[in-house]
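Colleague: Before I plan anything around this protein, could you take me through its model, one question at a time?

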Amino acid sequence: MTATDTASIATDDTGDPSLRPLPEQAALLLERAGAPPRLVAHLRAVHDVAAQLVAWVQRHCPHLEFDAEAVLFGAATHDIGKALHPAELSGPGTQHEEAGRELLLRYGVPAELARFAGTHASWTAPGTGVADLLVSLADKVWKNKRVPELEDLVVARLAGADGRPAWEWFMELDEVLTAVGEGADRRLAYQTSHPLPRR
């Protein structure tokens, strides 16, 4: 894939679904890594969902402290390691996680941002913060996959920030995740319209 292809998938108008462009720094990193078209499309879909979740949390729970820009960067780069392990684009595997974190560090990305590549599938690990949980949640709900354990952790953070009962936050989070999930078919179609790497 050429740099132009990467930039186009990362930033051009997507039509339906309408997806936010990836941050410029993320697009440049994906280009540098030689990310396959489907990976760039996937990251754009997850990034768009992360932006929706960030906006919702900021509006509904302004007392919950987290780095919104870190969430967006994390969502835009969390699977960059699949550029090195392309079989994990269409099949299971976890090699891309640590490989992605190490790749971002080699490219000069600060550890606090590179971490998302390694933590997006391990939301119960010690030291997991709100930003990590939101990246993980976006990586699931973009395709309308619901993970109760992960959602419960997010609910606990929301309830802890403003003192409202967890059941109220559960209902509100469920409502927004259901709404986001309704766009999953269009996002999946967008992703699969981009080719996997050549074998």
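Modeller: A term first: a residue is called buried under 20% relative accessible area, exposed over 50%, and partly exposed in between, with a 1.4 Å probe and protein chains only. This is a predicted model, in which local features need pLDDT of at least 70 and side-chain atom pairs count only at pLDDT 80 or more, while totals for chains, interfaces and linings use all residues. Residues are numbered from 1 along each chain as its sequence is written, and side-chain values use heavy atoms, with hydrogens and water left out.

Colleague: Is V54 buried or exposed?

Modeller: V54 lies in helix α3. Leaving out residues up to four places away in sequence, V54 touches F66, A68, V71 and L72, where contact means heavy atoms within 4.5 Å. Its relative accessibility is 5%, so V54 counts as buried.

Colleague: How many helices and strands are there in the chain?

Modeller: Helices (H or I, at least four residues) and strands (E, at least two) are DSSP runs, numbered from the N terminus. Read along the sequence, the pattern is α-α-α-α-α-α-α-α-α-α. The count for the chain is therefore 10 helices and zero strands.

Colleague: What is the radius of gyration of the chain, and how does the globule rule compare?

Modeller: The radius of gyration is taken over C-alpha atoms, and the globule rule is 2.2 Å times the number of residues to the power 0.38. For 199 residues the rule gives 16 Å, and the chain is close to that value, so it is as compact as a globular protein of that length. The C-alpha atoms fill a box of roughly 50 × 35 × 30 Å along the principal axes. The radius of gyration of the chain is 16 Å.

Colleague: What percentage of the residues of the chain count as buried?

Modeller: Contacts give some context: among those between residues at least 6 apart in sequence, 67% join residues at least 24 apart. The chain exposes about 9,300 Å², of which carbon and sulfur atoms supply 52%, with areas from the Shrake-Rupley method and a 1.4 Å probe, and for residues only the protein chains shown counting as cover. Of the 199 residues, the share that counts as buried is 51%.

Colleague: Which helices are included in what covers the buried residues of α7?

Modeller: Helix α7 (residues 130-141) should span 16 Å at 1.5 Å a residue, and its end C-alpha atoms are 16 Å apart, which agrees; the expected span is 1.5 Å times one less than the number of residues. The helix is mostly covered, with 12 of its 12 residues buried. What covers them includes α3 (37-60), α4 (68-77), α6 (111-119), α8 (148-162), α9 (166-181) and α10 (184-192).

Colleague: Which residues is D132 in contact with, leaving aside its neighbours within four places in sequence?

Modeller: D132 is found in helix α7. At 5% relative accessibility, this aspartate counts as buried. Beyond those sequence neighbours, D132 is in contact with R115, F116, T119 and G127.

Colleague: How far apart in space are V130 and F66, C-alpha to C-alpha?

Modeller: V130 is also in helix α7, and its relative accessible area of 11% makes it buried. Not counting residues up to four places away in sequence, V130 touches L64, E65, F66 and R157. V130 and F66 are 64 residues apart in sequence, and their separation in space is 6.1 Å.

Colleague: Is Q52 buried or partly exposed?

Modeller: Q52 lies in helix α3 and, leaving aside neighbours within four places in sequence, is in contact with R20 and V180. Q52 and W142 are 90 residues apart in sequence and 10 Å apart in space, C-alpha to C-alpha. With a relative accessible area of 28%, Q52 is partly exposed.

Colleague: Which residues does a cis peptide bond join?

Modeller: Most residues other than glycine have a negative phi, and most peptide bonds are trans. N144, in the loop between α7 and α8, has a positive phi near 65°. P17 is in the loop between α1 (3-11) and α2 (24-33). The cis bond, with omega about 10°, joins D16 and P17.
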